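Work through the exercises below with the structure open. Try each task before reading its solution.

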Amino acid sequence: MQPTRVTRALAFFFFFSAAVCFPPTLCSDQVQSFREAPAFRNGRECPPRQTSSVIHIAMTLDATYLRGSIAGVFSVLQHASCPENVVFHFVTTTHRRRQELRRIIISTFPYLNFHIYHFDSNLVRGKISYSIRRALDQPLNYARMYLADLVPATAQRIIYFDSDLIVVDDVAKLWNIDLGDHVLGAPEYCHANFTNYFTHRFWSNPAYASSFKGRGACYFNTGVMVIDLWKWREGRYTEKLENWMRIQKRSRIYELGSLPPFLLVFAGNVERVEHRWNQHGLGGDNVEGLCRDLHPGPVSLLHWSGKGKPWLRIDAKKPCPLDSLWAPYDLFRHCPSPFTDS
């Protein structure tokens, strides 16, 4: 009998219940170890897995955010109507740990369709300038600019997800949005004070400030984007982003990592996606990371952008209320301490 979304939901319930009720009996010697996720299978209504029916999703993998990435993948599969038609494209900066990361993905998701690509940090190392938070300065944070160079040319479209989010809706709904003539789709937030994302030096320079003239530019968060890779390559958008990074190194025109170059290149020319697809800011600001509430309206994706990450707050026994929504997708294997009684 073919599984349905209901049977998959029941499998998830019993899996999580067992994980909570029974502590793991085995723990790996590796720094991070994860429980194996249940197998998510396509139902009868799903088309055969071929080029036209595949959903491509890109995420980064590194030791710091691996736990978040694993939870994100799990959430996508749990809610996907056709999980076997989802292909993940993971990007990492380390050759040394690439095989270890592959082993972790395979052992956690034995049935997952995925690829791992090496991102050469040297592509951006000389272009990155320090920002308000150290995590924003890591080369891997800029890999989203190079997806068109990393992913095979056969993939026309890709969804980029940050590693600190969970999806609570069918990702096919996001995948199927009409980008029209746009290269990129994302939720926009036009009420945000756009001037705050750039320095006084930027706004006082007429040549820089005029970049937004007539564009109706609005803020958008780059942690959730739908990208037309063919149009991206055709328009040479990686080069345009790199150009603003070089200007930043000379003139210090912004403070926030990889976000401002995207705003400079795309703001005002983004296909608007419903806000439900990026309930962002749940990690607070970039300094204190305080607890925050959800924005009004429906929710399809929860995003802990900001300094506070749910796994860190949970482990510190100082969780925010909304961190409880992330916890069911946490597959991290907590090894018992050798200094406690069994």
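**Exercise 1: a strand pair and its sheet**

Task: find the bridge partner of I57 in β2, then place the strands in their sheet.

Solution. The model is predicted. Start at I57: its bridge partner in β2 is F88. Now widen the view to the strands. β1 covers residues 55–60 and β2 covers residues 86–92; they pair in the parallel sense over 6 bridges. Next, take the whole sheet. It is open, has 7 strands and runs in the order β3-β2-β1-β4-β9-β6-β10, with mixed pairing. β3 (113–118) and β10 (271–272) each have a single partner strand, so one side of each lacks a neighbour in the sheet. α2 (residues 66–79) lies across β1, β2 and β4 (157–161), at about 170 degrees to β2.

**Exercise 2: the first link**

Task: which parts of the chain does the pair C46 and C82 tie together?

Solution. A disulfide joins C46 to C82, with S to S at 2.1 Å. C46 sits in the loop between α1 (5–21) and β1, and C82 in the loop between α2 and β2, so the pair ties together parts 36 residues apart in sequence. The link is left-handed, with -100 degrees about the S-S bond. Both C46 and C82 are buried.

**Exercise 3: buried or partly exposed?**

Solution. C190 has a relative accessible area of 43%, so C190 is partly exposed. C218 has 7%, so C218 is buried.

Terms used:
Residues are numbered from 1 along each chain as its sequence is written. This is a predicted model: local features need pLDDT of at least 70, side-chain atom pairs count only at pLDDT 80 or more; totals for chains, interfaces and linings use all residues. Side-chain values use heavy atoms; hydrogens and water are left out. Two strands pair if DSSP finds at least two bridges between them. Helices (H or I, at least four residues) and strands (E, at least two) are DSSP runs, numbered from the N terminus. Contact means heavy atoms within 4.5 Å. Axes are lines fitted to C-alpha atoms, for helices over the stretch in contact, and angles run from 0 to 180 degrees between N-to-C directions. A disulfide is a pair of cysteine sulfur atoms within 2.5 Å. Buried means under 20% relative accessible area, exposed over 50%, partly exposed in between (1.4 Å probe, protein chains only).
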